[in-house]
Amino acid sequence: MDLIEKAAQRLAQLQKAGVDAPVPAAQVTPPSPGADAIPTPERFAQALERAQTAGGRVAAPPPAPTAASATPANRQPSPAEVHPRSKEVHIDLEALAAAGFVTPQAQRSQIADEFRVIKRPIIRNAREHSGPRAERANLVMVTSAIPAEGKTFVALNLAMSIALEVDSTVLLVDADVANPCIMRMTRLPQDYKGLLDLLTSTETKLPDVLLRTNVEKLSLLPSGTAHRRATEMLASETMASLLEEMASRYRDRILVFDAPPLLATTEARALASHMGQIIMVVEADRTAQVMVKHALETIESCPVVMMVLNKAPRPDVGSYYGHHYYSAAAS
């Protein structure tokens with residue numbers, strides 16, 4: 001006598017005795033392996049008919065898993081299944097190009113050529129994963145000694161240039177939470193959740209706040225909802241854990257952080273201690289040499305530090321950005 005028939009008979013006995021209760025698990029003998037252990041619809045219908053004749057009831061068996069619903073025990077849900085990206089945004093590329101930025105439509109402009117020179121060693125370092133802090137070579141921080149030297153301009157252009165590579169993808173993070181500029185420069189709404197929301201809410205997950213763009217290989221992470229202790233959060237243990245997660249989770253992607261100026265805050269120095277590469281932007285004919293040296297001393301622990309000279313007049317190949325002429329070079 002199989003399991004279903006035993007259960008049907010037992011339920012019938014209980015029904016006759018006036019007891020309306022299921023059979024305790026301890027009273028059901030597990031079926032032996034084999035074809036008879038499978039409760040097919042035909043066998044269940046037969047047992048149900050016998051039980052109803054005897055005045056008992058049998059609960060319907062659980063539906064068999066289908067090919068669409070079955071999940072192998074050894075397969076973990078992908079991040080996209082658990083936390084799908086919620087937003088896709090459209091950057092006005094024509095407006096960016098008019099403002100002097102690298103765009104997919106104007107890949108042979110002078111600004112595009114300049115950032116090809118800048119990005120090449122960065123990409124090489126990220127791919128080779130060699131030397132100190134190699135596991136975080138894909139974390140690239142763009143900063144400056146003092147405000148208004150053009151670091152956000154360099155960060156956005158660098159990210160856009162990397163996105164134009166055949167086999168490179170990039171995530172641009174607005175980590176200057178006290179003065180976020182990425183969304184404004186790209187003419188996107190500034191009310192999206194982002195970095196600060198990740199640091200203040202355990203309910204918010206990283207893929208939830210990433211923004212896909214109309215540049216195929218470029219994603220954005222905004223600064224997020226304003227917070228009164230925003231700058232302190234960049235130096236928190238939560239931020240350190242987030243950076244570690246980002247470095248490992250997006251190992252095949254280059255993450256460019258637009259960070260605060262080094263001498264204006266201490267948070268940029270805390271960020272620098274977790275970075276694999278740093279680009280320091282220096283405005284020509286404005287930033288004093290002593291400030292540059294002092295700023296470099298604060299990030300001397302980083303294994304790779306490069307400098308970009310911004311807004312430097314070069315009459316032979318000079319160009320204009322707004323009211324400022326500049327040229328960029330990496331060293």
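What percentage of the 331 residues of the chain count as buried? Of these residues, 44% do, where buried denotes a relative accessible area under 20%, exposed over 50%, and partly exposed in between, with a 1.4 Å probe and protein chains only.

## Basis of the report

This is a predicted model, in which local features need pLDDT of at least 70 and side-chain atom pairs count only at pLDDT 80 or more, while totals for chains, interfaces and linings use all residues. Residues are numbered from 1 along each chain as its sequence is written, and side-chain values use heavy atoms, with hydrogens and water left out.

## The chain as a whole

Of the contacts with a separation of 6 or more, 76% join residues 24 or more positions apart, a contact being heavy atoms within 4.5 Å.

The accessible surface of the chain is about 17500 Å², and 54% of this area belongs to carbon and sulfur atoms. Such areas come from the Shrake-Rupley method with a 1.4 Å probe, and for residues only the protein chains shown count as cover.

## The sheet

Eight strands make up an open sheet with mixed pairing, in the order E1-E4-E5-E3-E6-E2-E7-E8. Its edge strands, each pairing on one side only, are E1 (87-88) and E8 (305-310). Two strands are said to pair if DSSP finds at least two bridges between them.

## Strand E7 and its partners

Strand E7 (residues 277-283) runs parallel to E8, and six bridges join the two. Strand E2 (residues 139-144) also pairs with E7 in the parallel sense, over five bridges. Met 280 of E7 stands opposite Thr 143 and opposite Met 307 in E8. Val 282 has Leu 309 in E8 as its bridge partner.

In a regular strand the side chains alternate between the two faces of the sheet. Both faces of E7 are covered: Gln 277, Ile 279, Val 281 and Glu 283 are buried on one side, and Ile 278, Met 280 and Val 282 are buried on the other. Glu 283 has a relative accessible area of 11% and therefore counts as buried. Beyond its neighbours within four places in sequence, Glu 283 is in contact with Ala 148, Glu 149, Asn 310 and Lys 311.

## Leu 171 in strand E3

Leu 171 lies in strand E3 (residues 169-174). With a relative accessible area of 0%, Leu 171 is buried. Not counting residues up to four places away in sequence, Leu 171 touches Leu 210, Ser 219, Leu 220, Leu 221, Met 246, Arg 253, Ile 254, Leu 255 and Val 256. Leu 171 and Leu 210 are 39 residues apart in sequence, and their C-alpha atoms are 8.7 Å apart in space.

## The cavity

Rolling a probe the size of a water molecule over the atoms shows where empty space is left. A cavity is a set of points, on a 1 Å grid over the protein atoms alone, where a 1.4 Å probe fits but cannot get out; lining residues have an atom within 4 Å of a point. Grid points are joined across faces, edges and corners, and a volume is the space filled by probe spheres set on the points.

The count comes to one cavity of 30 Å³ or more, and the largest cavity holds about 30 Å³. Its lining consists of Asp 176, Val 177, Ala 178, Thr 231, Leu 234, Pro 260, Thr 265 and Glu 267. By class, four lining residues are nonpolar, two polar and two charged. Here Ala, Val, Leu, Ile, Met, Phe, Trp, Tyr, Cys and Pro count as nonpolar, Asp, Glu, Lys and Arg as charged, and the others, Gly among them, as polar.

Conventions: Helices (H or I, at least four residues) and strands (E, at least two) are DSSP runs, numbered from the N terminus. On a 1 Å grid over the protein atoms alone, a cavity is a set of points where a 1.4 Å probe fits but cannot get out, and a pocket is an open set with protein on both sides within 12 Å along at least five of seven lines; lining residues have an atom within 4 Å of a point.
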